[in-house]
Amino acid sequence: MTQTAAIASEIFRPTEYVAGDLKSGLLLLCDHARNTVPPGYGNLGVAPEQFERHIGYDIGARAVTLELAEQLGAPACLSTFSRLLIDPNRGEDDPTLIMRLSDGAVVPGNARVDEAERAYRIEQFHKPYHDLIDQTLDAMIGVAAPPVIVSMHSFTPIWRGVPRPWHATVLWDLDARAVEPVLSGLRAQDDLVIGDNEPYDGALKNDTMYRHGTSRGLAHVLLELRQDLIADQAGQMEWAGRLAPILRDIASLGACREIRHFSSRTDTH
């Protein structure tokens, strides 16, 4: 960590919070909202165009999250730093927390990250994001039945030359309370191809959903939208419109508004 980076971190805000009705029954999250690198880190040695790819952030996810927050009147917590700096959707002990190579792109600024720098990035960027989520959840539980956590992500339409057919997918572990009604709501829209735990498995030890959903016994769902469908404002508005009624409905389900502890598929690994 350079002195310049240390000073810059004092003025860089690692989180974005959208105020909403704490009784709304929904907390929206966006782990990979922006592709910003804090001052003092330069561009991590990565070409600027790489930050416009999925390795830098989840394209379109922030805009959809903000529109959903407005339509639903729900609070939202978003990160403000690129996942190339540190990935808030990974546990602090995850080997992919700070990537040296991401989908073919070498990240020179991460090549010599030692334990001290790793701890610094956790403390300055990763931890404040998760602290904000915890604080918001505590405040919501303090005034109403526990909320449903909805985490917004996006995925690339093509991976290693293979087109991905899904318009949207739902990732989850073992708690299906919010997942099943979301899947049903999306599949009821005949023009959509919806994936279930595609193109990734939703069970990831100590990720955001595990940490704030599974561990706390809160109903939760992670939504992945295909990036080409939400790359512009029209697509972002369309998908917020598709999702808002479904999410509003799950917030009204009693089973989704209770603390229930489920095991995790990661517990057997």
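Predicted model: local features only at pLDDT ≥ 70, side-chain atom pairs only at ≥ 80, totals over all residues.
Contact here means that heavy atoms lie within 4.5 Å of one another, and by that criterion Ala63, Val64, Glu67, Leu68, Gln71 and Leu72 of helix H2 meet Gln236, Met237, Ala240, Gly241, Leu243, Ala244, Leu247 and Arg248 of helix H6.

- Leu66 and Ala240 are 174 residues apart in sequence, while their C-alpha atoms are 9.0 Å apart in space.
- When residues up to four places away in sequence are not counted, Leu66 touches Glu16, Val18 and Leu78.

**Helix H4 against helix H6**

- Helix H4, which spans residues 179-187, packs against helix H6, residues 233-250, at an angle of about 140°, and the two axes are 10 Å apart. That angle makes H4 oblique to H6, because only angles over 145 degrees count as roughly antiparallel.
- H4 passes H6 in a right-handed crossing, and the contact is made by Pro181, Val182, Gly185 and Leu186 on the H4 side and by Trp239, Leu243, Ile246, Leu247 and Ile250 on the H6 side.
- The residues of this contact of H4 with H6 divide into eight nonpolar and one polar, with no charged residue.
- Val182, which lies in helix H4, counts as buried at 1% relative accessibility.
- Leaving aside neighbours within four places in sequence, Val182 is in contact with Val170, Val221 and Leu223, as well as with Ile246, Leu247 and Ile250.
- Val182 and Ala251 are 69 residues apart along the chain, and their C-alpha atoms are separated by 11 Å.

**The nonpolar cores**

- The largest nonpolar core has 40 residues, of which Leu68, Leu186 and Leu247 touch the most other members.
- Two or more residues of this core come from each of several elements, namely the helices H2 (61-72), H4 and H6 and the strands S2 (26-30), S3 (76-79), S6 (148-155), S9 (168-171) and S11 (220-226).
- The largest share of this core, seven residues, comes from H6.
- Leu186, again without counting residues up to four places away in sequence, touches Val170, Leu192, Ile194, Leu223, Trp239, Leu243 and Ile246.
- Another core, of 19 residues, lies apart from the largest one, and its members include Leu44, Ile55, Leu85 and Phe125.

**Backbone features in the loops**

- A cis peptide bond, with omega at about -10°, joins Glu198 and Pro199, and Pro199 lies in the loop between strand S10 (194-196) and helix H5 (208-214).
- Asn197 is placed in the loop between S10 and H5, and although Asn197 is not a glycine, its phi is positive at about 55°.
- Arg160 likewise is not a glycine and has a positive phi, of about 50°; Arg160 lies in the loop between strand S7 (158-159) and strand S8 (162-163).
- The relative accessible area of Arg160 is 71%, so Arg160 is exposed.
- Ala145 sits in the loop between helix H3 (115-143) and strand S6, where Ala145 counts as partly exposed at 37% relative accessibility.
- From C-alpha to C-alpha, Ala145 and Gly161 are 45 Å apart in space, and they are 16 residues apart in sequence.

Conventions. Residues numbered from 1 in each chain as written. Heavy atoms only, no water. Axes fitted to C-alpha atoms, helices over the stretch in contact; angles between N-to-C directions. Helix = DSSP H or I, 4+ residues; strand = E, 2+ residues; numbered from the N terminus. Parallel < 35°, antiparallel > 145°, perpendicular 65-115°, else oblique. Left-handed = near helix turned anticlockwise from the far one by under 90°. Nonpolar A, V, L, I, M, F, W, Y, C, P; charged D, E, K, R; others polar. Core = buried A, V, L, I, M, F, W, Y, C linked by side-chain atoms within 4.5 Å. Buried < 20%, exposed > 50% of the residue type's maximum accessible area, 1.4 Å probe, protein only.
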